Amino acid sequence: MTEAAQLADVRPLAERMRPRTLDEVLGQDHLLGAGAPLRVALEAGRIPSMVFWGPPGVGKTTLARLIAGHSRAQFLPLSAVMAGVKDLREATAQARAALQARPPRRTVLFVDEIHRFNKGQQDALLPFVEDGTLILVGATTENPSFELNGALLSRLRVFVLRPLDQAAILQLLRRALTDPERGLGQTAEALPDSWLARIAEAADGDARRGLILLETAYELSRAAGQKDDALLEKLIGRGLRRFDKQGENFYDQISALHKSVRGSDPDAALYWYARMLDGGVDPVYVARRVLRMSVEDVGMADPRAQRLCLDAWDTYERLGSPEGELALAVAIVYLAVAAKSNAVYAAYGAARSAVEQKGSLEVPMHLRSAPTKLMKELGYGAGYRYDHDAPDAHAAGQQFLPEALAGTEFYAPTGRGLEAKIAEKLAQLRAKR
């Protein structure tokens, strides 16, 4: 693009470089490649109402526009952040008018950030999606199963858009750099390959971010009259990875951390811990989850783990970031390599289930306290044997569960770590009982 043309077209590079055809869309071959579900539906002329779920900058809006163009449908865009029921009524009126025109036209109603609609607004769409008045295409960065009500979700096909890999981003950058009509109109050598690779890495799967960085880097290099790598690093800085402290990425990553610890992989556990800190998570939240891991997944196999996690949390509270983060890293590695047991976790769950299923079972008479004469006369505490008066401080054969649960064993210790010794001791005690 000539300099005069760039001045005439004030749109950002990311907007100018939107794909014009389905074949120009990068990184979504699982949806648009030969035989892929969305491609098959489009080629058959069956355009369902749908929702695109994916991170920012992967082409959700672009794809909605292309679908409308491919099907020669009217395209009506709305933002759920600003639109209300009145806007939906106006959109459906336009959709009806388009159907009644000659020739009739379908309408694609594109709702960006559709998860921002409340239940009433979502319900207002139902009859028009149901009767085909419009084709609803929603876009969301949030999990639709959490953010959309069941009635609307059941009428939509969910297509998951993936972050673009670095190869796709790099291809997009080269296209934007050399496109004579919409791009920067330069030769591929206008920016060094090392710059393009670094920008693709910093884009972190977001095409929009990559194009913004490319445009800024190009303008910066022209203004400075040089293409020094230090200049690019100054522009990119530390960079930002995808992370939402209240959204899907947050829960996916804490799940990955927990499962890595449970799976005894300290390297993966440290990676996910570092990812969460990089994304801005509160380390105190991680400390709470790590403490939970110590009792849920290590348990009696290594009771020291719980104390170590408490100490790590206390150390973080005293030192703060970044020094205190290392204490949590120590706890995470310890948990990952420690012997594992969820036997107490499972036993506690089984005991709770017994409480729910069996109701309010009576406390056996010999276990009841007898502080008054009447209670003693009624048999409270009768037959109880004081364990410390028995050999090995264990009155063998004494029962402590309600009669309906006599003989029930909730706790099944493993043969791992300290719990192996506990299992031996418990087997002896149960045999005597």
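Biologist: Helices here are DSSP runs of H or I with at least four residues, strands are E runs of at least two, and both are numbered from the N terminus. With that settled, which residue comes just after α16, and what is its phi?

Modeller: This is a predicted model, and in it the residue just after helix α16 is G299, which takes a positive phi of about 55°.

Biologist: And how many residues does α16 itself have?

Modeller: Helix α16 covers residues 283-298, which makes 16 residues, and from its first C-alpha to its last it reaches 21 Å, close to the 22 Å expected at 1.5 Å a residue.

Biologist: What share of the residues is buried, then?

Modeller: Of the 433 residues in the protein chain, 42% count as buried. As for contacts, if you take those between residues at least 6 apart in sequence, 70% of them join residues at least 24 apart.

Biologist: Now the strands. In what order do they sit in the sheet?

Modeller: The five strands form an open sheet in the order β2-β3-β4-β1-β5, and the pairing is parallel. At the edges are β2 (74-79) and β5 (157-160), each of which pairs on one side only. On average, neighbouring strands of this sheet are turned by 20° against each other, with direction ignored.

Biologist: Over how many bridges do β1 and β4 pair?

Modeller: Strand β1, residues 50-53, and strand β4, residues 135-140, pair in the parallel sense over four bridges.

Biologist: Which helix lies across β1?

Modeller: That is helix α5, residues 60-70, which lies across β1, β2, β3 (107-112) and β4, and which runs at about 175° to β3.

Biologist: What about the nonpolar cores, and which residues touch the most other members in the largest one?

Modeller: The largest nonpolar core has 51 residues, and those that touch the most other members are L38, F52, L63, L211 and L214. Apart from this core lies another, of 28 residues, with Y285, V290, L328 and A338 among them. In soluble globular proteins, nonpolar side chains tend to be buried together.

Biologist: Which residues is L38 in contact with?

Modeller: Leaving aside its neighbours within four places in sequence, L38 is in contact with L31, L32, M50, F52, L63, I67 and F159.

Biologist: And R39, is that one buried or exposed?

Modeller: R39, which has its place in helix α4 (residues 37-43), counts as buried because its relative accessibility is 15%, and the cut-off for buried is under 20%. With neighbours within four places in sequence left aside, R39 is in contact with L22, D23, L31, L32 and G33.

Biologist: Going back to positive phi, what is the value for E113?

Modeller: Phi of E113 is near 55°, which is positive in a residue other than glycine. E113 lies in the loop between β3 and α7 (119-130), and with a relative accessible area of 22% it is partly exposed. S264 is not a glycine either, yet has a positive phi of about 60°; S264 is in the loop between α14 (248-262) and α15 (266-278), and at 40% relative accessibility it counts as partly exposed.

Conventions. Residues numbered from 1 in each chain as written. Predicted model: local features only at pLDDT ≥ 70, side-chain atom pairs only at ≥ 80, totals over all residues. Heavy atoms only, no water. Core = buried A, V, L, I, M, F, W, Y, C linked by side-chain atoms within 4.5 Å. Buried < 20%, exposed > 50% of the residue type's maximum accessible area, 1.4 Å probe, protein only. Contact = heavy atoms within 4.5 Å. Expected span 1.5 Å × (residues − 1). Pairing = 2+ DSSP bridges. Axes fitted to C-alpha atoms, helices over the stretch in contact; angles between N-to-C directions.
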